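Okay, everyone, thanks for coming. Let me put the structure up, and then I'll talk you through it.

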Amino acid sequence: MSGPTDSPHAAHFDAVIVGAGFAGMYMLHRLRGLGFRARVFESGTGVGGTWYWNRYPGARCDVESMEYSYQFSNDLQQQWEWSERYAAQPEILRYANHVADRFDLRRDIDFDTPIASAAFDEQFNCWRITTGTGRAVSATHCIMATGCLSSANTPKFEGLETFRGACYHTGRWPQHDVDFTGLRVGIIGTGSSAVQSIPIIAQQARHLTVFQRTPNYAVPAHNAPLAPEVQQAVKANYGDLRQRARQMRNGIAWPVTQKSALEVTREERRAEYEARWARGGLSFSGSFMDLLLNKEANDTAAEFVRDKIRAIVHDPATANLLTPKSVLSCKRLCVDIGYYETYNRPNVSLVDISALPIEMIVPEGVVVAGKTTPFDVIILATGFDAMTGALNKIDIRGIDGVPLREKWAAGPRTYLGLSSAGFPNLFTITGPGSPSVLTNMLPTIEQHVEWIADCIAHLRANQLHRIEATLPAEDAWVEKVNEIAAGTLFPTCNSWYLGANVPGKPRVFMPYIGFPPYVETCNAVAAGGYTGFALS
Ligand code: N01
């Protein structure tokens, strides 16, 4: 495929890929393998995406290492050795760098190069893309590998810029080590990032104050070194593990008890929860098949965790504040290493900001209810403008110059989470409307990358230059995503899945629930000659 360029200096590619995280790296490798000319633009100075930026203390994956890894290369998955059950951020970043070197990816990646805009040129059926550094390129296909949790959410706290000390966002952590020894530290937020970093920071800081708006459920990770024999056993049958994972709703191979929590006795229920608690990790939410379908069933699991919190945290008032009242797993379950125990330390205090929010930030510290707490460091563990934030940061314009932001003003609209009507030849890897954040991201990324690569190869083989989701297909898909979510307990809390964490963001449930039926649909669409798309 080739296309036009504005000037002899502007380059044209078969595909431009935005982002060099796990999605962008594999997309590049796959397209190259098919003989396409692709170029990646990445705003960071290195590969790794979310694992490049989220360097906060304690950052670690909540999916087990043996599953949170690529499977497209058997040599890679056999040769790479993970050191822990749950890999920490430095190890995952080493893995990302290893992949970049192993497949010689860097020669086609421009680092320190954010994308500012992408506009579809209808005359030439190509994307005109400009970088934040002022470069202009064109590409037949534009592939957004921008990540689901990559646009940091920084609340507009009055006076934040006047704070005299250091201020860090967990999702934009500095490249250098941050030492909290002897310092007074305030952290805002109690999601996964805070749950992971609080126990580590508390060990260093003179005093750590946690500002909590909503308590979250956390289950223990029980992280441990990964024994070589365990790793070998998995590798001997890696295909089996991957296959089992593909059959699970979230793409992770832990077992889900195929019973209702309400059809077993109280003792059986408790035994199941205890066993899952002792095993550790996200599999707790698979204790019974109806935990996210039936409130009464969910209450039994929620109450189990509440009891655990009350048993761990010594001070009853603190324990009470830390005890969530909402549906368990409605927000992403946190996986912790000593989170609740940390509140038993004399140098940690919890401030409830559910009724009286942070009033303002002053040069000395944080003001709540008229009282200033002085700090040397403030940490914003305030999460992300999830799923749409990174896309909306780029000025993306489709047919007739319509901005994607405008089209998505009432919430994202996609077909399969891969494409949006009015934006031909634009693909979103793990976009809104796909299982993405409700799954193990690595296999989900691979499934999207392979689908997109096959699609582009199909266009080439059939001398087609343009693919675009049709409006009826998109409308039906959006309806389906909403319908499935409405049959669950997911819409009952203010999660980032719904965009509820960002003031003014439309409340729309963004991910598609159910990895296996989703994959089946994608495969059927491709096998049917890309049904729901217009090809020309
Ligand atoms: O962000 P979050 P995160 N005033 O949105 C609070 C993945 N992840 O970075 O709940 C005061 O969960 C907000 O309060 P509330 C994982 O999928 C994975 O922790 O909105 N507080 C909340 O407590 C995770 O779900 C890992 O009331 C404010 C916190 O900030 C996702 O990333 C590790 C506020 C934000 O929590 C996001 O996690 C880390 C305000 N104005 C992250 N605004 C793994 O383990 C927000 N908050 C792989």
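Let's begin with the disulfide: Cys330 and Cys493 form one, with their sulfur atoms 2.2 Å apart. By disulfide I mean a pair of cysteine sulfur atoms within 2.5 Å. Before I go on, a word on the source: this is a predicted model, where local features need pLDDT of at least 70 and side-chain atom pairs count only at pLDDT 80 or more, while totals for chains, interfaces and linings use all residues. Residues are numbered from 1 along each chain as its sequence is written, and side-chain values use heavy atoms, with hydrogens and water left out.

Back to that pair. How many disulfides does a search of the whole structure find? One. The torsion about the S-S bond of Cys330 and Cys493 is about -100°, so this disulfide is left-handed. Cys330 sits in the loop between α10 (316-322) and β11 (334-336), and Cys493 in the loop between α15 (471-486) and α16 (515-527), so the pair ties together parts that are 163 residues apart in sequence. Helices here are DSSP runs of H or I, at least four residues, and strands are runs of E, at least two, numbered from the N terminus.

Are the two cysteines buried or exposed? Cys330 is buried, at 0% relative accessible area, and Cys493 counts as buried too, at 7%. The cut-offs: buried is under 20% relative accessible area, exposed is over 50%, and partly exposed is in between, with a 1.4 Å probe and protein chains only.

Then there's Cys142, which is in no disulfide; its nearest cysteine sulfur, that of Cys126, is 11 Å away. Cys142 is buried, at 0%, whereas Cys167 is partly exposed, at 36%.

Next, Glu450, in helix α14 (residues 441-461). Glu450 is partly exposed, with a relative accessible area of 27%. Leaving aside neighbours within four places in sequence, what does Glu450 touch? Tyr26, Arg30 and Phe72 are in contact with it, contact being heavy atoms within 4.5 Å.

Zooming out, the chain has 16 helices and 20 strands. The radius of gyration is 23 Å, close to the 24 Å that the globule rule gives for 536 residues, so the chain is as compact as a globular protein of that length. That's taken over C-alpha atoms, and the rule is 2.2 Å times the number of residues to the power 0.38. Of the 536 residues, 58% count as buried. And among contacts between residues at least 6 apart in sequence, 72% join residues at least 24 apart.
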